[in-house]
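This report describes one structure for a reader who has not seen it before. The sequence and the coordinates come first.

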Amino acid sequence: MTEKSKPGQPIEDLGSEDLEEARLRQQAIGVKLRHIFDEVVNEPVPDEFLDILRRADSRASGEGGG
């Protein structure tokens, strides 16, 4: 009896089954995004990038260099 949900369809127009499906999809997307974020956060920072940051810090503090 309920229509299938369509992208961009207002949530108020969804039936209870479609609403539950939309919630489950949002939850799955959130879990995947957290997983991807955790992977990125735990990657090591390349030494070249750390060197750039150190030089920028030293210039900002007035130590000069390079």
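The text below goes through the overall make-up, the two helices in turn, and a surface patch.

The model is predicted, so local features need pLDDT of at least 70 and side-chain atom pairs count only at pLDDT 80 or more, while totals for chains, interfaces and linings use all residues. Residues are numbered from 1 along each chain as its sequence is written, and side-chain values use heavy atoms, with hydrogens and water left out.

**Overall make-up**

The chain has two helices and zero strands. Helices (H or I, at least four residues) and strands (E, at least two) are DSSP runs, numbered from the N terminus. Of the 66 residues in the chain, 9% are buried. Buried stands for under 20% relative accessible area, exposed for over 50%, and partly exposed for values in between, with a 1.4 Å probe and protein chains only. The accessible surface of the chain is about 6,100 Å², and carbon and sulfur atoms account for 57% of that surface. Such areas come from the Shrake-Rupley method with a 1.4 Å probe; for residues, only the protein chains shown count as cover.

**Helix H1**

H1 has 26 residues, and its first and last C-alpha atoms are 37 Å apart, close to the 38 Å expected at 1.5 Å a residue. The expected span is 1.5 Å times one less than the number of residues. The buried residues of H1 are Asp18, Leu19 and Gly30.

**Helix H2**

H2 covers residues 47–60, and its 14 residues should span 20 Å, which agrees with the 20 Å between its end C-alpha atoms. Ser58 belongs to H2 and is buried, at a relative accessible area of 15%. After H2 comes Gly62, with a positive phi near 85°.

**Salt bridges**

The structure holds two salt bridges. A salt bridge is a side-chain nitrogen of Lys or Arg within 4 Å of a carboxyl oxygen of Asp or Glu.

| Pair | N to O distance |
|---|---|
| Glu21 and Arg25 | 2.6 Å |
| Arg54 and Asp51 | 3.0 Å |

Glu21 and Arg25 are four residues apart in H1 (residues 16–41), so about one helical turn separates them. Glu21 is partly exposed at 23% relative accessibility, and Arg25 is exposed at 51%. Arg54 and Asp51 both lie in H2, three residues apart, about one turn of the helix. Arg54 is exposed at 52% relative accessibility, whereas Asp51 is partly exposed at 39%.

**A nonpolar patch**

Which residues form a nonpolar patch on the surface? They are Val45, Phe49, Ile52 and Leu53, with about 340 Å² of accessible area together. Patches are made of residues with over 30% relative accessible area and no salt bridge; like charges are joined within 9 Å, and nonpolar side chains (Val, Leu, Ile, Met, Phe, Trp, Tyr) within 5 Å. Val45 lies in the loop between H1 and H2 and is partly exposed, with a relative accessible area of 44%.
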